[in-house]
Amino acid sequence: MPPNETDRIGVFLFEEAELGEVRLQAGTRYEVQEVSSLALAQERHFDSLSGSVGLSWGIGERATLGRAAARSVKFPTAEELFSNGPHL
């Protein structure tokens with residue numbers, strides 16, 4: 001594995017609103033990653049937008065019922081990008 005450097009930054013926002021007995025939750029995240037290897041003279045840039053939205057209902061003193069949907073992204077690691085040789 002050649003020497004490398006990974007820089008990553010992200011910003012996110014989460015909001016929640018009560019609409020009577022229903023609670024609406026939404027979140028989003030923007031992330032940027034740069035992975036570079038001077039030994040290989042390579043640099044890779046990735047950016048993504050992830051998000052989620054959900055609803056929950058209070059169905060008693062100690063219980064809630066909820067539904068949610070989400071989309072997320074996984075960036076490749078330096079090992080996945082720059083490893084060389086036989087792999088399992």
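Over how many bridges do strand S3 and S4 pair, and in which sense, parallel or antiparallel? Strand S3, residues 42–58, pairs with S4 over eight bridges, in the antiparallel sense. Two strands count as paired if DSSP finds at least two bridges between them. Strands (E, at least two residues) and helices (H or I, at least four) are DSSP runs, numbered from the N terminus.

The model is predicted: local features need pLDDT of at least 70 and side-chain atom pairs count only at pLDDT 80 or more, while totals for chains, interfaces and linings use all residues. Residues are numbered from 1 along each chain as its sequence is written, and side-chain values use heavy atoms, with hydrogens and water left out.

S3 and S4 belong to an open sheet of four strands in the order S1-S2-S3-S4, with antiparallel pairing. Strand S1 (5–19) and strand S4 (64–71) are the edge strands, each pairing on one side only. On average, neighbouring strands of this sheet are turned by 10° against each other, direction ignored; the axes behind such angles are lines fitted to C-alpha atoms, and angles run from 0 to 180 degrees between N-to-C directions. Strands of a sheet pair through backbone hydrogen bonds. Opposite alanine 68 in S4 stands glycine 54.

The structure also holds one aromatic pair. Phenylalanine 46 and phenylalanine 75 form this pair, which is tilted, with 6.0 Å centre to centre and 35° between the planes. Rings of Phe, Tyr and Trp (its six-membered ring) pair if their centres lie within 6.5 Å; planes under 30 degrees apart count as stacked, over 60 as edge-to-face and the rest as tilted. Because phenylalanine 46 lies in strand S3 and phenylalanine 75 in the loop between S4 and helix H1 (78–82), the pair ties together parts that are 29 residues apart in sequence. Phenylalanine 46 counts as buried because its relative accessibility is 15%, and phenylalanine 75 counts as buried at 8%. Buried means under 20% relative accessible area, exposed over 50%, and partly exposed in between (1.4 Å probe, protein chains only).

On the surface, Leu19, Leu24, Val53, Leu55, Trp57, Ile59 and Leu65 form a nonpolar patch with about 610 Å² of accessible area together. S3 gives the largest share of the patch, three residues. Leucine 24 has its place in strand S2 (residues 22–37) and counts as partly exposed, at 31% relative accessibility.

Serine 83 is found in the segment after H1. Its C-alpha atom is separated by 7.6 Å from that of proline 2, 81 residues apart along the chain.

How values were computed
Patches are made of residues with over 30% relative accessible area and no salt bridge: like charges are joined within 9 Å, nonpolar side chains (Val, Leu, Ile, Met, Phe, Trp, Tyr) within 5 Å. Accessible areas come from the Shrake-Rupley method with a 1.4 Å probe; for residues, only the protein chains shown count as cover. A salt bridge is a side-chain nitrogen of Lys or Arg within 4 Å of a carboxyl oxygen of Asp or Glu.
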